[in-house]
Amino acid sequence: MKNAGGAAAWLAPRIRGETMTVAEAIKTGIVFEKKVHATYVAAAKRAEDPIAQKVFATLAEEEQGHINYLESRLSEWRTDGRLGGEKLRTVLPAAERVREGVKRLRAQVAQRKGSHAAELESLRQALAAEEETSAFYLQMVRDLPPEGQELFARFLEIEDGHAAVVQAEIDSVNQMGFWFDLKEFDLELA
Ligand SMILES: [Fe+2]
Ligand SMILES: [Fe+2]
């Protein structure tokens with residue numbers, strides 16, 4: 001997939017003063033999700049730390065779920081002209097919970113080992129891809145008719161949680177020298 005055009009292409013109709021249709025928005029959302037999915041797949045492959053591998057693999061799986069979800073919403077929209085389907089679910093904690101977890105962890109631990117330079121680079125790339133995706137979803141919440149707004153508002157909420165997890169890992173690796181397991185949040189993760 002060519003990622004480069006995807007991110008900028010969605011701006012074109014806006015520059016012309018047009019807003020996207022629901023179908024265009026979903027298709028563009030799929031492009032963003034594929035990009036962020038590819039970022040996590042590559043990061044999981046590159047990671048040496050087993051917890052890092054697990055965190056990236058969990059996020060990759062989550063983004064694959066987003067691609068599937070958007071694809072099925074798109075075909076539904078085309079055939080029935082409506083957006084139904086189950087509410088999108090996430091295995092990851094809400095942003096607020098992530099931030100609280102890191103604060104708690106930081107109070108307990110003070111250790112630093114290694115530089116984790118490659119892992120930090122993966123995390124920064126992931127954060128940039130998440131932020132770019134969320135910026136698009138935020139714009140769609142503003143621009144689209146109510147059905148589309150609802151769909152993308154839910155995505156925004158979930159992607160906010162992803163960005164918080166990635167940011168929390170950056171802080172943890174940087175300041176404490178290790179990856180925190182997603183289990184730190186008492187989640188029912190396999
Ligand atoms: Fe996503
Ligand atoms: Fe995400």
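**The core and what packs around it**

Let's start in the middle: the largest nonpolar core has 41 residues, and Tyr40 and Phe56 are the ones with the most contacts inside it. By nonpolar core I mean a set of buried Ala, Val, Leu, Ile, Met, Phe, Trp, Tyr and Cys residues joined through C-beta atoms within 7 Å. Buried means 20 or more other C-beta atoms within 10 Å of the residue's own, exposed means 12 or fewer, and partly exposed is in between, with C-beta atoms placed from the backbone. Which elements give two or more residues to this core? They are helix 3 (22–46), helix 4 (50–80), helix 5 (95–108), helix 6 and helix 7. Helix 7 provides the largest share, 10 residues.

Quick word on what you're looking at: this is a predicted model, where local features need pLDDT of at least 70, side-chain atom pairs count only at pLDDT 80 or more, and totals for chains, interfaces and linings use all residues. Residues are numbered from 1 along each chain as its sequence is written, while chains are lettered from A and ligands numbered from 1 in the order in which they are written.

Now the overall layout. The protein chain has seven helices and zero strands, and along the sequence the pattern reads α-α-α-α-α-α-α. Helices here are DSSP runs of H or I with at least four residues, strands are runs of E with at least two, and both are numbered from the N terminus. Of the 190 residues in the protein chain, 35% are buried. Take the contacts between residues at least 6 apart in sequence: 75% of them join residues at least 24 apart. A contact, by the way, is a pair of residues whose C-beta atoms, placed from the backbone, lie within 7 Å.

Leaving out residues up to four places away in sequence, Phe56 touches Tyr40, Ala43, Ala44 and Ala47.

On to helix 3 and helix 4, then. Their axes come within 8 Å and cross at roughly 160°. Axes are lines fitted to C-alpha atoms, for helices over the stretch in contact, and angles run from 0 to 180 degrees between N-to-C directions. Helix 3 and helix 4 are therefore roughly antiparallel to each other; the cut-offs are under 35 degrees for roughly parallel, over 145 for roughly antiparallel, 65 to 115 for roughly perpendicular, and oblique for the rest. The crossing of helix 3 and helix 4 is left-handed, meaning the near helix is turned anticlockwise from the far one by less than a right angle, where clockwise would be right-handed. By class, the contact of helix 3 with helix 4 has 17 nonpolar, five polar and seven charged residues. For those classes, Ala, Val, Leu, Ile, Met, Phe, Trp, Tyr, Cys and Pro count as nonpolar, Asp, Glu, Lys and Arg as charged, and the others, Gly among them, as polar.

Next, helix 6 (residues 117–143) and helix 7 (residues 146–176): the axes come within 9 Å and cross at roughly 160°. That makes helix 6 roughly antiparallel to helix 7. The crossing of helix 6 past helix 7 is left-handed, and their contact has 16 nonpolar, seven polar and six charged residues.

Which residues show this pairing up close? Ala163 sits in helix 7 and counts as buried because it has 20 C-beta neighbours inside 10 Å. Ala163 and Glu131 are 32 residues apart in sequence, yet 7.1 Å apart C-alpha to C-alpha. Leu120 is in helix 6 and counts as partly exposed, with 14 C-beta neighbours inside 10 Å. Again setting aside residues up to four places away in sequence, Leu120 touches Ile170, Val173 and Asn174.

Helix 3 also packs on helix 6, at an angle of about 170° with the axes 10 Å apart. That makes helix 3 roughly antiparallel to helix 6. Residues in this contact include Phe32 and Tyr40 of helix 3 and Phe136 and Met140 of helix 6.

Last stop, the segment after helix 7, where Phe178 lies. Phe178 is partly exposed, with 19 other C-beta atoms within 10 Å. Phe178 and Ile51 are 127 residues apart in sequence and 9.1 Å apart in space, C-alpha to C-alpha.

Notes. Contact = placed C-beta atoms within 7 Å.
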